[in-house]
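Thank you all for coming; I would like to take a few minutes to walk through one structure, going from its surface to its aromatic rings and then to its backbone. Please have the sequence and the model open while I talk.

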Amino acid sequence: MNRQFSRFIIIGLISTFINYLFYIFCFRFSENILFSSLIGYLSGIINSYIYGKKWVFKIKNNTNLIFILKFLFVYLIGGTVMTLIINYLFNNGLEYRLAWCFGISYSILNNFLGSKYFVFNK
């Protein structure tokens, strides 16, 4: 599990970088923050799914709709609760960067455990 978690973190960092690149690229051309954010986030999620499935959890079978829907569900929960945690902590006096650290910590654990035991369980 330790090796899986390390790989999960590496893929997460790469996916975040991809997200940021697409976000910047789209914003330069569209100047639409929502569109740019959505495209960036989707590009990062696609990378997370592909490499999470193949490299982190070593799933060899073809992609199917059930895997994708489960994956999106886990990441939707992670992102939603992360946002709620950040908002709650910030609104109760915690510095915004520290609030983000608590939120992202929850999201990382949610997404890893959800991917391991719900999405890509063998």
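Let me begin with a term: helices (H or I, at least four residues) and strands (E, at least two) are DSSP runs, numbered from the N terminus. What you see is a predicted model, in which local features need pLDDT of at least 70 and side-chain atom pairs count only at pLDDT 80 or more, while totals for chains, interfaces and linings use all residues. Residues are numbered from 1 along each chain as its sequence is written, and side-chain values use heavy atoms, with hydrogens and water left out.

I start with the surface, where patches are made of residues with over 30% relative accessible area and no salt bridge, with like charges joined within 9 Å and nonpolar side chains (Val, Leu, Ile, Met, Phe, Trp, Tyr) within 5 Å. Accessible areas come from the Shrake-Rupley method with a 1.4 Å probe, and for residues only the protein chains shown count as cover. A nonpolar patch is formed by Ile10, Ile14, Leu38, Leu42, Ile46, Ile50, Tyr51 and Trp55, which together have about 700 Å² of accessible area. Helix H1 (2–30) and helix H2 (33–56) each supply at least two residues of this patch, and the largest share, 6 residues, comes from H2.

For single residues, buried means under 20% relative accessible area, exposed over 50%, and partly exposed in between (1.4 Å probe, protein chains only). Leucine 42, which has its place in helix H2, is partly exposed because its relative accessible area is 40%.

There is also a patch of positive charge, in which Arg3, Lys58, Lys60 and Lys122 gather on the surface. Here Lys and Arg count as positive and Asp and Glu as negative, while His and the chain ends are not counted, and the place of a charge is taken as NZ of Lys, CZ of Arg, CG of Asp or CD of Glu. Lysine 122 is found in the segment after helix H4 (96–119), and it counts as exposed because its relative accessibility is 79%.

How many salt bridges are there, if we ask for a side-chain nitrogen of Lys or Arg within 4 Å of a carboxyl oxygen of Asp or Glu? The count comes to 1 salt bridge, in which the side chains of arginine 97 and glutamate 95 meet at 2.9 Å, N to O.

Now to the rings: those of Phe, Tyr and Trp (its six-membered ring) pair if their centres lie within 6.5 Å, and planes under 30 degrees apart count as stacked, over 60 as edge-to-face and the rest as tilted. By this rule there are 11 aromatic pairs. Phenylalanine 8 and phenylalanine 112 form an edge-to-face pair, 5.3 Å centre to centre with 70° between the planes. Since phenylalanine 8 lies in helix H1 and phenylalanine 112 in helix H4, this pair ties together parts that are 104 residues apart in sequence. Both phenylalanine 8 and phenylalanine 112 are buried.

Finally, the backbone: glutamate 31, in the loop between H1 and H2, has a phi near 55°, a positive value in a residue other than glycine. Lysine 58, whose place is in the loop between H2 and H3, likewise has a positive phi of about 55° although it is not a glycine.
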